[in-house]
Amino acid sequence: MKHLFKIAFEEVAGMFVDDGALAILALGLILIVTAAVKYAHLEALAGGVMLLIGCILILLESLWRAARKAGKR
C-alpha cells in the first residue's frame, strides 16, 4: 500500500515539477511583475497583462524546447 502512495505522490509532484525551467521562469516573471507593480507604481491592469503575455511566452518556449527534444530522439 505504501508503494501505491509513493507512486501516486510522484505522479502528482511530476505534474508540477516536470519542467524545472518552466517553473523557474514563471516564478521569475511573477517576482518581476510584482516588484514593478509595487515599487515602480505600474498599474495593476498593466501588470496583469504583462503576466498573461509573459506566461504565454514562457509556455511557448517550453513547448518549443520539448518539441526540439522530441525531434532529437
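This is a predicted model: local features need pLDDT of at least 70, side-chain atom pairs count only at pLDDT 80 or more; totals for chains, interfaces and linings use all residues.
1. From the N terminus on, the elements run α-α-α. Residues are numbered from 1 along each chain as its sequence is written, and side-chain values use heavy atoms, with hydrogens and water left out.

2. On burial, 11% of the 73 residues count as buried (under 20% relative accessible area; exposed is over 50%, partly exposed in between; 1.4 Å probe, protein chains only). The accessible surface of the chain is about 6,300 Å², and 75% of that belongs to carbon and sulfur atoms (Shrake-Rupley, 1.4 Å probe; for residues, only the protein chains shown count as cover).

3. Helix H2 (residues 20-39) has 20 residues and should span 28 Å at 1.5 Å a residue; its end C-alpha atoms are 28 Å apart, which agrees. The expected span is 1.5 Å times one less than the number of residues. After H2 comes His41, with a positive phi near 55 degrees.

4. Which residues of H2 are buried? They are Leu29, Val33 and Ala36. These cover an arc of only 60 degrees around the axis, so they sit on the same side of H2 (the arc is that of the directions from the helix axis to the C-beta atoms). An α-helix has 3.6 residues a turn, so residues three or four places apart point the same way. What covers the buried residues of H2 includes H3, and on the other side of H2, Ile24, Leu27, Leu31, Lys38 and Tyr39 are exposed.

5. Leu45, Val49, Leu52, Ile53, Ile56, Leu57, Leu59, Leu60 and Leu63 make a nonpolar surface patch of about 890 Å². Patch residues have over 30% relative accessible area and no salt bridge; like charges are joined within 9 Å, nonpolar side chains (Val, Leu, Ile, Met, Phe, Trp, Tyr) within 5 Å. One of them, Val49, lies in helix H3 (residues 44-71) and is partly exposed at 42% relative accessible area.

6. Glu61 pairs with Arg65, the closest N and O atoms being 2.9 Å apart. Being four residues apart in H3, Glu61 and Arg65 are separated by about one helical turn. Glu61 is partly exposed at 30%, and Arg65 is partly exposed at 21%.

Technical notes. A salt bridge is a side-chain nitrogen of Lys or Arg within 4 Å of a carboxyl oxygen of Asp or Glu. Helices (H or I, at least four residues) and strands (E, at least two) are DSSP runs, numbered from the N terminus. Contact means heavy atoms within 4.5 Å.
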